[in-house]
Structure formats: C-alpha cells, structure tokens
Amino acid sequence: MSNEDLARLVARLGLTVQALNGVVQGLSLRVRTLEAELTGAKRRHMKRMQREVARRAVERQLRRAAITERGEKLQPAVPIAQIVSEVSVEFGIEVTVILGRAQVREVTVARQEVYMRAHEEGHSSAKIGQAMGRNHATVLCGMKSVAMRRAIAARRKAVADA
C-alpha cells in the first residue's frame, strides 16, 4: 500500500495521524507481548522435556548397573529411534536434521551423542549405523569423538574444582 492510499484510508476513516500512531503502537505492544508469552511457553516446555530425558537417562544407568551386577549380558532396551528423539529434544535439533546429511558442528555433535548413547544401551555399531544411515566405521569414529569431549570436560571440571 502506497503512502497516498494510506492517507486516503485515514481520511475516509476520519482518523488523525496521532490516533493511527496510537493504534499501531498498541498493536506492536500486543505482538511483543504475545511473542514473549510464546517464548516463555517454549522455554518451559523445553525444560520439562529435558527433565524427562534426564530422568530416563538415570533409569537406564540404574538398569545397566543392576544387569552388570548380576553378571547378565546387557540387551538393548531402548530403541535407537527413541534415543534419537531424546537427543533431539536435549540439543534442540529436529530428528530429520540429525538423521540427515548436515555437517554443521552442532548437528554432528548431536549425531555423535546418539551413537554413544545407543552403544551404551548395548546396540552394535553396525546396527546403529544402519538405523542412522551411516557406516559402522563412522559410528565408531563418532563415539571416539564423544569420548574425547567427555574426557576433556572431566579434566576441565577437575581443574576448576581443585
């Protein structure tokens, strides 16, 4: 809409420029309020999902500890698809992106985390690779990267605590 069309509309409605500015300011304030509410709801949802993911991780750790204590062989209980969805929520990256071919650092880190968690659940590298559309060697390399990142983080924490 051109300025002339806008001026004709304002004149036809009998509005002053000040009244029109007031309406625009009111609308922009409402839009900002709605955006803030949406952001808050999204943040609360993400926190709730992260708590759920953490709770499941603790349950898996306890289950693994009980099985190894009994001397039984660990059988995968959590499907790889569920692990992918949990990592997706935790990292804030869509499942399709994690399973895709993107080579952005954030995506590859999330993908490697899926490899490691699936391996910790007892899935073989070949099975993980098949589920993720990757070669088993790619899975092994990704797990090595996660192990290195975890070791570095542990060392940094130890230095910070000392």
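**Entry 1. Arg117**

I began with Arg117 and listed its contacts, leaving aside neighbours within four places in sequence: Val53, Ile83, Val87 and Glu90. The model I am reading is a predicted one. I then looked up where Arg117 sits, and its place is in helix α5. Is Arg117 buried or exposed? Its relative accessible area is 14%, and the cut-off for buried is under 20%, so I noted Arg117 as buried.

**Entry 2. Helix α5**

I checked the length of α5 next. Its 16 residues should span 22 Å at 1.5 Å a residue, and I found its end C-alpha atoms 22 Å apart, so the two agree. I went through α5 for buried residues and wrote down Val107, Val109, Ala110, Arg111, Gln112, Glu113, Val114, Tyr115, Met116, Arg117 and Ala118. Just after α5 I came to Gly122, which has a positive phi of about 110 degrees.

**Entry 3. Helix α3**

α3 has twelve residues, and from its first C-alpha to its last I read 16 Å, close to the 16 Å expected at 1.5 Å a residue. Gly92 follows α3, and its phi is positive, near 70 degrees.

Nonpolar side chains tend to be buried together in soluble globular proteins.

Not counting residues up to four places away in sequence, Val114 touches Ile83, Val84, Val87, Ile98 and Met132.

**Entry 4. The largest pocket**

Last I looked up the largest pocket, which has a volume of about 170 Å³. Which residues line the largest pocket? I listed Arg101, Ala102, Gln103, Thr108, Arg111, Gln112, Tyr115, Arg134, Thr138, Cys141, Gly142 and Ser145. Sorted by class, the lining has three nonpolar, six polar and three charged residues. α5 turned up here again: α5 and α7 each supply at least two residues of the lining. Arg111, Gln112 and Tyr115, among the lining residues, are also in my list of buried residues of α5.

Notes: Residues numbered from 1 in each chain as written. Predicted model: local features only at pLDDT ≥ 70, side-chain atom pairs only at ≥ 80, totals over all residues. Heavy atoms only, no water. Contact = heavy atoms within 4.5 Å. 1 Å grid on protein atoms, 1.4 Å probe; cavity = no way out; pocket = protein on both sides within 12 Å on 5 of 7 lines; lining within 4 Å. Points joined across faces, edges and corners; volume = space filled by probe spheres on them. Helix = DSSP H or I, 4+ residues; strand = E, 2+ residues; numbered from the N terminus. Nonpolar A, V, L, I, M, F, W, Y, C, P; charged D, E, K, R; others polar. Expected span 1.5 Å × (residues − 1). Buried < 20%, exposed > 50% of the residue type's maximum accessible area, 1.4 Å probe, protein only.
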